[in-house]
Amino acid sequence: MALQRLRSPDKRASRDPKPRVLYVEDEDPNWEVTEFMLRSQYELVRAVNARETFARLRASKFDLILMDIQLQGSELDGIQITQILKGRYSKPVPSYAQGQVVDCPILFVTAYEARYQRQELIDAGGDELITKPVDRTRLLLALSKLTVRSIFPTV
């Protein structure tokens with residue numbers, strides 16, 4: 001009987017994959033800062049407008065969506081995109097967005113907290129709100145809260 005050397009398992013292979021997050025953000029600096037803050041714990045994918053958001057969602061599954069509200073150059077703002085994704089949009093849905101409904105949590109990220117009431121954003125289909133400039137600790141706590149809530153929904 002020959003002895004065989006046991007190799008330690010590859011730690012990367014035994015880890016769960018990083019949660020995938022779609023960040024709908026039109027401004028490069030906001031994307032870059034957030035991507036830097038989260039890249040060690042999350043896989044971030046960016047969309048800069050409504051069309052790109054729906055294309056990304058058609059192509060891939062995401063665990064969570066970070067949604068900016070004000071999207072320059074987009075046909076729809078973040079609230080309207082969220083309403084469509086949660087089946088709450090009352091106007092005709094653009095053809096590129098038809099059939100797009102998600103069940104993952106949506107975290108609104110905005111610099112205009114005073115402009116929007118939290119309840120208005122919840123009614124639109126959002127799950128949480130965080131303000132810019134984004135504080136890393138608050139963002140990670142909000143993401144953790146939403147992740148746990150999606151795994152263990154309240155009864």
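A: Helix 6, residues 136-151, gives the most to the lining of the largest pocket: three residues. Helices here are DSSP runs of H or I with at least four residues, strands are E runs with at least two, and both are numbered from the N terminus. The model is predicted, so local features need pLDDT of at least 70 and side-chain atom pairs 80 or more, while totals for chains, interfaces and linings use all residues. Numbering starts from 1 along each chain as its sequence is written, and side-chain values use heavy atoms, without hydrogens or water.

A pocket is an open set of points on a 1 Å grid where a 1.4 Å probe fits, with protein on both sides within 12 Å along at least five of seven lines; lining residues have an atom within 4 Å of a point. The space comes to about 170 Å³, taken as the volume filled by probe spheres set on the joined points.

By class, the lining holds five nonpolar, two polar and three charged residues. Ala, Val, Leu, Ile, Met, Phe, Trp, Tyr, Cys and Pro are nonpolar, Asp, Glu, Lys and Arg charged, the others polar.

Now the fold around this pocket. The protein has six helices and five strands. From the N terminus they run α-β-α-β-α-β-α-β-α-β-α. Of the 155 residues, 41% are buried, meaning under 20% relative accessible area with a 1.4 Å probe.

The largest nonpolar core has 28 residues. Such a core is a set of buried Ala, Val, Leu, Ile, Met, Phe, Trp, Tyr and Cys residues joined through side-chain atoms within 4.5 Å. L22, F54, I65, M67, L76, I81 and L85 have the most contacts inside this core. Strand 1 (20-24), strand 2 (43-47), helix 3 (50-59), strand 3 (64-68), helix 4 (78-85) and strand 4 (106-110) each supply at least two residues. Helix 4 gives the most, with four.

Take F54. Beyond its neighbours within four places in sequence, F54 is in contact (heavy atoms within 4.5 Å) with L76, I81, I84, L85, Y96, A97 and Q100. A second, separate core has 18 residues, including Y23, V109, I130 and A142. Y23 is buried, as is W31.

Across the protein, 55% of contacts between residues at least 6 apart in sequence join residues at least 24 apart.

How values were computed: Buried means under 20% relative accessible area, exposed over 50%, partly exposed in between (1.4 Å probe, protein chains only).
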